[in-house]
Amino acid sequence: MSLGPGRFAIAVLAAAVAGAVNAIAGGGTLLTFPALIALGLPPIAANATSTVALWPGSASSFWGYRSMLAGMQGWVVRFAVPSLAGGLLGAWLLLRTPARDFELIVPWLVFGATALFLLQRPIVERLTRGARSAAAVDDSQADAMVRPTAGVLLFQFAVSIYGGYFGAGMGILMLAALGIMGFANIHRMNALKTWGAVCANAVAAVAFVTSGLVDWPVALAMAVGAIAGGYGGALVAQRVPQRWVRHSIVLIGLGTGIWLLAGGG
């Protein structure tokens, strides 16, 4: 697809903000997917291109969080297996969804992801309060005692299926599960969440690339923005005011869902 410099700049900016948002908790697809739809990509191609474009941002976020996973090798390995399997299954399901059916489904996926994004703040704030209340003890030691149960790994598999299929809101589901498990450090939870997203989206991205759905000029341009935003977001996640960004994402999500439901896609 041929884009002018101005439209390319908008796509790169959307990817940069999305990369930062994903590093903080999740929801970046609610920025890139509408941007790609507005640029003229069909919904399935927009979803595939968004996944490929944002994956480098997730990887750079994980690199920014890497120090938080010291001593958590067991979690890293066990979390990877259901994430990879679920992401592959989700991508397989998307590739076998007829384009017309996906156009009917996608407004509701956007609405659902927007609802998850709205719930994200109170959940993360509650988890953060838990981390603060655990400050009297060594939270690194407390987190090291948490073991991945079969139920949590099965939940991660289900979340990764959704992530491979569409993805927006996947991060908040992972954060909620990790909080319920008993993790005390929100940064460590974000590191594990980012690792799960890297795994799930990696196999989904490979599936989309081999399918020929990806618009490469757009994906490569957006990947540059996603890398910068993802790494920067991981480093300053607790320092940047988020209210206006959050409000904008919710408005974009609701507006996109309504527009797609009305046949705009």
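User: Let's start with Ser50. Which residues does Ser50 touch, not counting those up to four places away in sequence?

Analyst: Keep in mind that this is a predicted model. In it, Ser50 touches Thr29, Thr32, Phe33 and Leu36 once you set aside residues up to four places away in sequence. Ser50 itself is found in helix H3, residues 43–65.

User: Is Ser50 buried or exposed?

Analyst: The cut-off for buried is under 20% relative accessible area. Ser50 has a relative accessible area of 1%, so Ser50 is buried.

User: What does H3 do with helix H9, and how do I read the angle between their axes?

Analyst: Angles run from 0 to 180 degrees between N-to-C directions. Here the axes of H3 and H9 (residues 186–211) cross at roughly 145° and come within 8 Å. The crossing is left-handed. On the H3 side, the residues making the contact include Trp55, Phe62 and Tyr65; on the H9 side, Trp195 and Phe208 are among them. By type, the residues of this contact divide into 14 nonpolar, seven polar and no charged.

User: And how do H4 and H7 pack?

Analyst: Helix H4 (residues 73–95) and helix H7 (residues 150–165) pack at an angle of about 40°, and their axes are 6 Å apart. Their crossing is right-handed. The residues of that contact divide into 13 nonpolar, seven polar and one charged.

User: Where is Gln156, and is Gln156 buried or exposed?

Analyst: Gln156 lies in helix H7. With a relative accessible area of 2%, Gln156 is buried. Leaving aside neighbours within four places in sequence, Gln156 is in contact with Phe79, Pro82, Ser83, Met174 and Gly196.

User: How far is Gln156 from Met174, in sequence and in space?

Analyst: The two are 18 residues apart in sequence, and C-alpha to C-alpha they are 7.0 Å apart in space.

User: Met174 is in H8, I see. How many residues of H8 are buried?

Analyst: Nine of its 12 residues are buried, which leaves H8 mostly covered. Met174 is one of the buried ones, along with Met170, Gly171, Ile172, Leu175, Ala177, Leu178, Gly179 and Met181.

User: What span should H8 have, and how far apart are its end C-alpha atoms?

Analyst: At 1.5 Å a residue, the 12 residues of H8 (residues 170–181) should span 16 Å; the end C-alpha atoms are 17 Å apart, which agrees.

User: Zooming out, what is the secondary structure of the protein chain?

Analyst: You get 11 helices and zero strands. Of the 265 residues, 54% count as buried. As for contacts with a separation of 6 or more, residues 24 or more positions apart account for 85% of them.

User: Last one: where should I be careful with the coordinates?

Analyst: Where pLDDT is low, the predicted coordinates should not be read in detail. The protein chain averages a pLDDT of 79, and 76% of the residues score at least 70.

Methods: Residues are numbered from 1 along each chain as its sequence is written. This is a predicted model: local features need pLDDT of at least 70, side-chain atom pairs count only at pLDDT 80 or more; totals for chains, interfaces and linings use all residues. Side-chain values use heavy atoms; hydrogens and water are left out. Helices (H or I, at least four residues) and strands (E, at least two) are DSSP runs, numbered from the N terminus. A crossing is left-handed if the near helix is turned anticlockwise from the far one by less than a right angle, and right-handed if clockwise. Ala, Val, Leu, Ile, Met, Phe, Trp, Tyr, Cys and Pro count as nonpolar, Asp, Glu, Lys and Arg as charged, and the others, Gly among them, as polar. The expected span of a helix is 1.5 Å times one less than its number of residues. Buried means under 20% relative accessible area, exposed over 50%, partly exposed in between (1.4 Å probe, protein chains only). pLDDT is the predictor's confidence in each residue, from 0 to 100. Contact means heavy atoms within 4.5 Å.
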